[in-house]
Amino acid sequence: MREKLASGLLIASVIVWGIWCGGQVFNELMTVPIWSASPPESLKVYRELPSKGGAPFFPLFNPLFVVLAIGAALAAWKSARRSRKWLALSSLIAIALFISLVFYLAPLVVSMFSHSVAGDLNAAEIVAGVERWKLGNRIRLIVELFGFACSVIALRVWSAETASTNERAA
């Protein structure tokens with residue numbers, strides 16, 4: 001039973017990591033260049049774009065990939081040997097990413113948008129803030145891709161471990 005739960009959580013973790021990373025790559029390549037083209041004006045214009053429809057991607061998937069990575073690691077830990085380092089890395093990276101997003105990157109970008117709209121911060125400071133965010137976001141994206149790779153390796157190695165254990169038991 002525990003192996004089935006671990007297997008389901010590992011698969012779900014890999015899928016959600018993949019969706020999250022895909023969304024982040026899309027964001028970096030398609031969305032960020034639009035709103036960061038010439039701050040503060042581009043932030044003001046972007047904020048005024050209609051936003052009907054769509055789902056709240058960041059608030060939904062950010063906690064989900066963290067919870068699934070941790071849940072998968074906990075569920076698979078007992079039967080894991082060689083995959084423990086990958087399970088731990090996937091979980092630790094997910095936690096670090098969550099913390100960096102919630103406590104640094106999200107507040108920074110929200111602040112830059114707010115100051116751009118309010119006009120209460122000079123343009124040079126807004127440009128500097130946007131550039132700090134872009135650098136931090138790119139670093140985060142690289143770390144996220146590594147975390148995704150760790151989750152895939154964890155699933156592959158854990159699956160091989162449990163398959164060989166089950167073969168020996170049979």
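**Salt bridges and surroundings**

Mentor: Let's start with a pair of residues: Arg140 is buried, and Glu144 is buried too. Keep in mind as we go that this is a predicted model.

Trainee: Okay, predicted, got it. What do Arg140 and Glu144 form together?

Mentor: A salt bridge, and its closest N and O atoms are 2.9 Å apart.

Trainee: How many residues apart are Arg140 and Glu144 in helix H5?

Mentor: They're 4 residues apart in helix H5, so about one helical turn separates them.

Trainee: And how many salt bridges does the count come to?

Mentor: The count comes to 3 salt bridges. Another one joins Lys134 to Glu131, with the closest N and O atoms 3.4 Å apart.

Trainee: Where do Lys134 and Glu131 lie?

Mentor: Both are in helix H5, 3 residues apart, which again is about one turn of the helix.

Trainee: Is Lys134 buried or exposed?

Mentor: Lys134 is buried, because its relative accessible area is 13% and the cut-off for buried is under 20%.

Trainee: What about cover? Is Glu28 buried or exposed?

Mentor: Glu28 is buried, since its relative accessible area is 10%. Arg138 has a relative accessible area of 41%, so Arg138 is partly exposed.

Trainee: Switching topic to the helices. At what angle do the axes of H1 and H3 cross?

Mentor: Roughly 150 degrees, and the axes of helix H1 (residues 2–35) and helix H3 (residues 57–76) come within 8 Å. The crossing of H1 past H3 is left-handed.

Trainee: What kinds of residues make up the contact of H1 with H3?

Mentor: There are 20 nonpolar, 6 polar and 1 charged.

Trainee: Let's stay on H3. Is Ala76 buried or exposed?

Mentor: Ala76, which lies in helix H3, counts as buried because its relative accessibility is 0%.

Trainee: Okay, what about Gly54, where is its place?

Mentor: Gly54 is in the loop between helix H2 (41–47) and H3. With a relative accessible area of 83%, Gly54 is exposed, because exposed means over 50%.

Trainee: How far is Gly54 from Ala69 in space?

Mentor: They're 25 Å apart, C-alpha to C-alpha, and 15 residues apart in sequence.

Trainee: Last topic, the surface. Which residues make the nonpolar surface patch?

Mentor: Leu92, Ile95, Ile99, Val102 and Phe103 make it, and the patch is about 470 Å². Ile95, for one, is in helix H4 (residues 84–118).

Notes:
Residues are numbered from 1 along each chain as its sequence is written. This is a predicted model: local features need pLDDT of at least 70, side-chain atom pairs count only at pLDDT 80 or more; totals for chains, interfaces and linings use all residues. Side-chain values use heavy atoms; hydrogens and water are left out. Patches are made of residues with over 30% relative accessible area and no salt bridge: like charges are joined within 9 Å, nonpolar side chains (Val, Leu, Ile, Met, Phe, Trp, Tyr) within 5 Å. Accessible areas come from the Shrake-Rupley method with a 1.4 Å probe; for residues, only the protein chains shown count as cover. A salt bridge is a side-chain nitrogen of Lys or Arg within 4 Å of a carboxyl oxygen of Asp or Glu. Helices (H or I, at least four residues) and strands (E, at least two) are DSSP runs, numbered from the N terminus. Axes are lines fitted to C-alpha atoms, for helices over the stretch in contact, and angles run from 0 to 180 degrees between N-to-C directions. A crossing is left-handed if the near helix is turned anticlockwise from the far one by less than a right angle, and right-handed if clockwise. Ala, Val, Leu, Ile, Met, Phe, Trp, Tyr, Cys and Pro count as nonpolar, Asp, Glu, Lys and Arg as charged, and the others, Gly among them, as polar. Buried means under 20% relative accessible area, exposed over 50%, partly exposed in between (1.4 Å probe, protein chains only).
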